[in-house]
Amino acid sequence: MRQKTVAIVLLAALALVAAAYGGGKGGATTTGATAKGTSGAVSSQRRGGTLRVVRTESFDGWVLDSAAAYASYQTDAAVIEGLLRPGADGKSVTPGLAESWAPNPKAHTWTFKLRKNARFSDRSPVTSKDVIFSLGIWKAGPNFGGSYVNIKSATAPDKRTVVFKLGSAYDNTFLALMASSVSGVMPANFGSKGKVAYYQHPIGAGAFKVDTWTVGGRIVLVRNPYFYDPKRPYVDKVVIDVVADDSERKILFDSGQADIVEYVSAATAAQYDRSKLDVLLPSQIEHLSLNVSHPPFNDVRVRRAVANAIDYQSIIKGPFSGFGAPAKGILAPNLAGWAPPTQPYYSTNLKRAKALLAGSSAPHGAAVELIYDSGVASDVLVAQVLKDNLGKLGFNVKLTGLETGAFVGRAFSVNSDMTLWSYGAISPDISDPLGWFLGTKWLFTGLPTDTLRKQFGSYRTAATRKGRIVVITKIQNQAITDAHAIALTQFQVIHGVNTHVSGFASAPWGLSFYDTVSLNR
Amino acid sequence: MNAPDTMAPREPLPDRSAATAVAIDEPRPWQRLPTKIWVGAAILTLFVLVALLAPLLAPHDPLQLDPANRLAAPTAAHLLGTDELGRDVLSRLIYATRVDLPIGFLGAFLPALVGIALGLVAGFSGGFVDSIIMRIADVVQAFPSYILIIVLVFVLGQGVTSILVAFTILAWVVYARLIRTEVLRVRDLDYIHAARLGGIPRLRILRVHLFPNVIGQILVYFPSDILFATLALAAFSFLGLGIPPPTAEWGAMIAAGQPYLRDQWWLATVPGLVIVALGLGLSLLGEGAEERLRQ
Amino acid sequence: MGRFGFVAKRLLQTVPLLLGIVLIVFLLLKVTPGDPVRQIVGLRASQEQLDAVRKQLGLNDPVVAQYGRYVARLLRGDLGYSYKSLQPVSTMIGDRIGVTAWLMSVGIILTLLITVPLSIASAIRKDRPVDHVIRAGGLVGLTMPAFWVGVMLLLTVALPTGWFPAGGFGDTIPQHARSIFLPALTLAIGTAPILIRSLRASIISVLGSEYVATARSLGVSEARLIRRFVLRNAAAASVTLLALEIGFLLFGAVVIETTFALPGVGQGLVLAARGRDLPAIQGYTLLFAIVVVAVYLASDIATALLDPRVEIRS
């Protein structure tokens, strides 16, 4: 799942539920698309116990900017909380360290009011000085720093107020950006710990503090006694383990040794007791990216032929065990700001594909290479289905499974004919995927990104909801016409949640907060 | 035997060089082979036949996908059920012999060639060359093989070549040490000195005095080395470094069946049992060879 | 050449050996695809940022210079800092080595407990049903991959009985012991067959030797014979054989730790390799190499010192 996580850069936060946030024009509606949690958070939840989580990805560490795996976003957010939290519906933002926030479009500012009782785990109160210091760190990050480019400055009229000055009247990406785990608030000057020492043992204002951790090993979090909500977290401790083997994870879950299994792979989900699975709304896109910089895929007719030769249903039924739906476009669904294309999506039609190919520059197919991450079970299977599908068109596909490190290197260099990967958002706004496209040479296709960059800018500063929809629809349609990045399916994140766990509420892309969970044992 | 035995007690096989040199009237060796060798050879021949006749024996195309019918239990149409993409398991098992047998064999044969060559060079040259070769052997044996395998496969890419290169680099040491020990031993025997003085060429000495001894030990070790090569291939597949999919290969089938061990346990188990059967044939061959040589 | 001279010489020989191994790892990692700097800084960093960090880490310097620096630090006992966690590599190894040590020790004990009785039984009842069953079982144990055996043990033993946890290492010593049993058993099942085969052959030849025949003709009971001539030698011989298989055992540790989610150095190595964490990879490799070399050395020395019949060749 490295690919999903890496994929999304929080680029922009839409003023989603503008109404709920007291300002800003327009706003995406939260259309009843709530995540299916096991049960809602109730104030009468039992307190105490140790939550045991098992996941397959290892954690990148506490440097927020380096977060690439979902494991990192999830764990960072539990300790180093930000001003806002993403809502479990995946389209809204909810209060974090800030209790209220309001925009002033005329002055290009957003004003945040910090909670009175927000404290770091070392008891020191969270003040605007800490937020301003953190902004400096966020802006300097080599990975996500570019997302903050529209925040020109921040001032602190008093200890509990921070005023962000933006470069435009509207910035629809701003709130989602503040809700991402990259925007965690750190104590000013790293709490006089020094940078290296801080990142080895960070201090945050989240619901938990770090007890012990190792890269790729066990992470132990314990309750932050000074957390701003005295009732939460319900559990005393969270123990997170990394278990690579699918069977092993299921065994731990069945035996009760694991309370939550994060990111159950689609391939094995069918073996779990369905009542214990939290199957979320589709939020991930599995995509086949075609390299447009050299033959045969520099010819759009060849690309369209490929798009019509793929057996989308087989991919859903096979590698994803049915936990997926036909894709409608290249953009991940169930995000604020998402809009469908007005053009029909490709259908599996081998005759049409052959006809399209016959009139192209490669009428008899070609020998091409497909690279994929051999560590992702579903990708290994999808690659084989694609090889079979394209074989019918006359393409001799060489499957090159690469171990993650090597795969990432090659993918970013865009030096293979086809790249198979997936991505998902990590922030509640459609600008997140757009940012990912921009940062990956248009999803590893090598297509020039100038147009997309302009479109992104239009989206960001659009004053009305209609304006935003127009931009997104255009992007969706164009991707279908160009057929350079083909969405194979939109699939679902699945978590395994044991029956004695309540309060688990995950956003569609998988992020949840451990402080809403309680154990009934 | 005449030659004083200065070898460490770990070498149980008797010196046969003199026996070969003089006993020309004894019945031909193959007329007195133990049963084990016959049984082992029969099993291996069966495997080879399956590999050769795969297209006739396999009921389905091993690459034919049918995702809607994935993970099916055994039925008349699919005697061993279907795998995670709906392919017929039995057909894949049969076709996998075409991949595993050659790689298993080459994975032992190539190291043997390299090892024997280096062992001869080391033994006969002595001194500095011997020292260098043995130091390299030490390094290879001490080397964390996991790293070497990863790096080799990454550098050379997935596939047969890199796997065989990795095997050769790791496995030649045993053969080299075997040969070298024998060369060193034989080199110092009195009657060899006499033969050399008498002008008998080195090659003949090799053939008559050296090979009969060591060929036995190598023949005993070789079948189990084939088994190890096949098992190593399975381990490679587990780590994602084996033969790239969708080619059917036993190790890859085991690794792919791993997530389904609870409900579709046969996917990972049956290929393993096939390897066990192969191992049985190889072991019998090896033990039979050992018995024969003791006679 | 005296015994002590032999030992000293062998000890000296290990130093260039270890340096050679580190050099090879170093060079191999240089040619491996997958940019470590990108892994460190992040996937979305720009080329300029990557280049800046590369320079900072000294990765642009000539290979010889980098190697020299590494060796110099090594001699000071400094293994460097992990690219991923910024922790000292020595600390990381220290955290993990206990788990692997548990796995290895319990695994070796179980291997010996399985090997010695079964080889003796197999040898004295040579070619009888017991012998065949043991050797067939050995073949199965050897051939079925460790990850299969491990999960099978979990499904058939751990889950139904609840006596053993399904994975992980636990927090207290009793928990450690219970957690490590099945993984160690998996290791033993894979390793014992090799030893049983060798040991069985040795025992058979011992039982057929002249001095045993003499003892037998003098009326010594079979059981006494076994105790006197076989048991002691078998135990010693199997330890020697185990020592030779140390590389095999360590590889098994990697697979088994990954399967059972044990936070040992095997799992650490896999993670470091995936993340291109060069200092960590070098640290783990050095550790593995030292262990292997030390075990070979100990085994050689023990054999040389204890067995007067062996001529010590230089």
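How many helices and how many strands does chain C have?

Author: This is a predicted model, in which local features need pLDDT of at least 70, side-chain atom pairs count only at pLDDT 80 or more, and totals for chains, interfaces and linings use all residues. Residues are numbered from 1 along each chain as its sequence is written, chains are lettered from A and ligands numbered from 1 in the order in which they are written, and side-chain values use heavy atoms, with hydrogens and water left out.

Chain C has 13 helices and zero strands; helices (H or I, at least four residues) and strands (E, at least two) are DSSP runs, numbered from the N terminus. Its C-alpha atoms fill a box of roughly 85 × 60 × 35 Å along the principal axes.

Within the chain, α7(C) and α11(C) pack at about 35° with their axes 9 Å apart; axes are lines fitted to C-alpha atoms, for helices over the stretch in contact, and angles run from 0 to 180 degrees between N-to-C directions. Among the residues that meet here are C:Phe147 and C:Leu154 of α7(C) and C:Ile256 and C:Phe260 of α11(C), where contact means heavy atoms within 4.5 Å. By class, this contact holds seven nonpolar, two polar and no charged residues (Ala, Val, Leu, Ile, Met, Phe, Trp, Tyr, Cys and Pro count as nonpolar, Asp, Glu, Lys and Arg as charged, and the others, Gly among them, as polar).

Towards chain B, 47 residues of chain C are in contact with 44 residues of chain B. The two chains bury about 3,900 Å² between them, 75% of it on carbon and sulfur atoms; buried area is the accessible area (1.4 Å probe) that two parts lose on being put together, summed over both. C:Leu139, C:Phe147 and C:Phe251 supply 16% of the area that chain C buries there, more than any other three residues. C:Phe147 also belongs to the contact of α7(C) with α11(C). The interface has one salt bridge, in which the side chains of C:Arg135 and B:Glu287 meet at 2.2 Å, N to O; the term denotes a side-chain nitrogen of Lys or Arg within 4 Å of a carboxyl oxygen of Asp or Glu.

Towards chain A, the contact takes 36 residues from chain C and 36 residues from chain A. About 2,900 Å² is buried, with carbon and sulfur atoms giving 57%. C:Leu43, C:Arg44 and C:Lys84 lose the most area, together 25% of what the chain C side buries. Between chain C and chain A there are zero salt bridges.
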